[in-house]
Amino acid sequence: MHYHPDELILEITRRAQQLRLDVLRMVYTAQTGHIGGAFSAAEIVASLYFHHLRIDPARPDWPERDRFLFSKGHACAVLYAALAHRGFFPVSELATFRQLDSRLQGHPDRLKCPGVEMPAGPLGHGVAVGAGMALALRETAKPSSRSAASARASAARVYVLLGDGEINAGVVWEGALTAAKYRLGNLTVILDCNGIQQTGATADVLPTEDLSDKWRAFGWHVQEINGHSVAEILGALDRADQVHARPCIIIARTTKGHGVGFMAYDHRWHGRPPNEKQYQEAVAEIEGSI
Amino acid sequence: MMTTDGHWSLMRKAYGEALVRLGEQNPDVVALSADVSNSDYSALFAEAFPHRFYNVGIAEQSLVDVAAGLAYAGKIPFANTFAFLIATRAVEMVRTHLCYGQANVKLMAAYAGLSDSFDGPTHHAITDLAIMRSLPGMTVVVPADAVAVQKLLPQVAAWPGPVYFRLNRNEVPDLYDETYAPQIGKGVVLRDGGDVALIGTGMMLYRCLQAAERLAGEGIQARVIEIHTLKPLDTHLVLEAARDTQALVTAEEHSIIGGLGAAVAELVCDQSPAPVIRVGIADTFSESGPYLELLDKYGMSVEAIVDGARRALRLKEALPAR
């Protein structure tokens, strides 16, 4: 466990609020996009990009980099904002979100956008794809490898951000079984558990609780945290890195639309852009909190 | 190049052996199975390289996604299961990761066409070529015999990007000897003729050759062309046949909708109109039964190809003189 000083936690918390402002501007400008699920993930994404992930914006293809799979692709405005502020492309490019000729597609395109590891949008892919990546990175260590350079374990780890509506999809659980079978200790999934999906509460659409029990029964190491507490996120990520021979899930309890009072807990802000008045009101609320 | 010794061989056994050789040559080659490895012979690879073989269970969507993850991290995964499952249940994964994401996964589609004959229509793959051919970025390869499998598989491994490789369950006639040198994307002329062209793929190529013999007995000279790569199609060879013969017949172990016949018809309509008769299964499900008899009953007999050639010739005669 690393010690995380208060200044670091405060800095990342501020970064998360900055990401929310960027998301608001992008969706307001484009008049299309997904705010609610981007807001619920802001502290998680900020903690990964501004502290935890071993990445190098100058070398997006660095073989030893950690892989972050943004499985809940519709919420990608927050991913793009983090990548831009981390230096993968100019922040000014965020203004092109969802427009013609942009690298910032409506859902992430790994070939167009630097730093995007996986196309996402159709929900449910992150766990199984992440399991494949984790297998590949681990198998690099096998003595059967011929080249001396690859005859050691890659230190790279795989992180997946999963939505809680997304886990309705069967392939999530297929992938979870495979990750457990192969004891993928280098795979960490963060479940953004905001409790709301497109048409209502996840508990009403398709009940998935008890989530901790379910993932534990699938053979995973489970932690449950407050997903808006940077201190808890950083601690959980460190703990997950130290678990061997088991994949880890961090069940992050969050609020959809977190950060703006009138957007919170409301499924109608899943995929709707704000009008000018709503935009100004939301910006004022977030800026007031920084 | 061609043999006439009357032997029949298992493509899937040749596949398993060829996959092991690939594994010996390239440590990045890995294989996955959705728990049918003793059917498709990928079990040979599992024996040779147990640490590079992953059985993900009866979970075809996960099969393709896990393979995509391996590919994104630099491996060359060969994902094995039955053709109908790859090309129905797992198609969204194929589209999103292999095609849109360009994950370098090789899809090994076993028991294709009607070849899993006794298991019935649930296990037949008669729409896979149409589905795979329609996906941007996908390459579709259909070997015709066991030698073709051995010759094409290393090219599949070296080919940049995803490939759908279609394999037959049953023994099929040996067409080729060791001098056969196919290239992905290039058709092969097996017999010359200027009256009509029979364009076949997979198992149906053998029946095209038999049909050409019968037609020769009637004084009709049929050109026989193998199209093992449905996409990218060898447009030069097909258009040349259209111009030379003005009468084309396609033959495939697949629905007449969307497969080889459609690919040829689309091209010819665009660039050099000529009659195209499509031999294949009509827009219907078949039934359980012996393989060769099933092919005959559902429109893929030698007689169906011969009859197709006669129809193409009648249509050619009805064309206004050029």
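Helices (H or I, at least four residues) and strands (E, at least two) are DSSP runs, numbered from the N terminus.

Entry on the model. I am working with a predicted model, where local features need pLDDT of at least 70 and side-chain atom pairs count only at pLDDT 80 or more, while totals for chains, interfaces and linings use all residues. Residues are numbered from 1 along each chain as its sequence is written, and chains are lettered from A and ligands numbered from 1 in the order in which they are written.

Entry on H6(A). I list Val171(A), Val172(A), Glu174(A), Gly175(A), Ala176(A), Thr178(A) and Ala179(A) as its buried residues (20 or more other C-beta atoms within 10 Å of the residue's own, with C-beta atoms placed from the backbone). These residues pack against helix H5 (126-139) and strand E3 (187-193) of chain A, and also against helix H4 (60-72) of chain B. Just after the helix, I note a positive phi of about 50° at Arg183(A).

Entry on the chain contact. I find 26 residues of chain A in contact with 24 residues of chain B (C-beta atoms, placed from the backbone, within 7 Å). On the chain A side, H5 and H6 are the elements that give two or more residues. H5(A) gives the most, with 10 residues.

Entry on the sheet. I traced an open sheet of five strands in chain A, in the order E1-E2-E3-E7-E6 with parallel pairing (two strands pair if DSSP finds at least two bridges between them). Strand E1 (67-70) and strand E6 (221-226) of chain A are the edge strands, each pairing on one side only. Within the sheet, strand E2 (residues 158-163) of chain A runs parallel to E3(A), joined to E3(A) by six bridges. Tyr159(A) stands opposite Thr188(A) in E3(A).

Entry on chain B. I have domain 1 (8-173) and domain 2 (188-313) in chain B, with bounds from an automatic or database domain assignment. Their centres, taken over C-alpha atoms, are separated by 25 Å. I find 28 residues of domain 1 of chain B in contact with 31 residues of domain 2 of chain B.

Note on methods. Buried ≥ 20, exposed ≤ 12 C-beta atoms within 10 Å, placed from the backbone. Contact = placed C-beta atoms within 7 Å.
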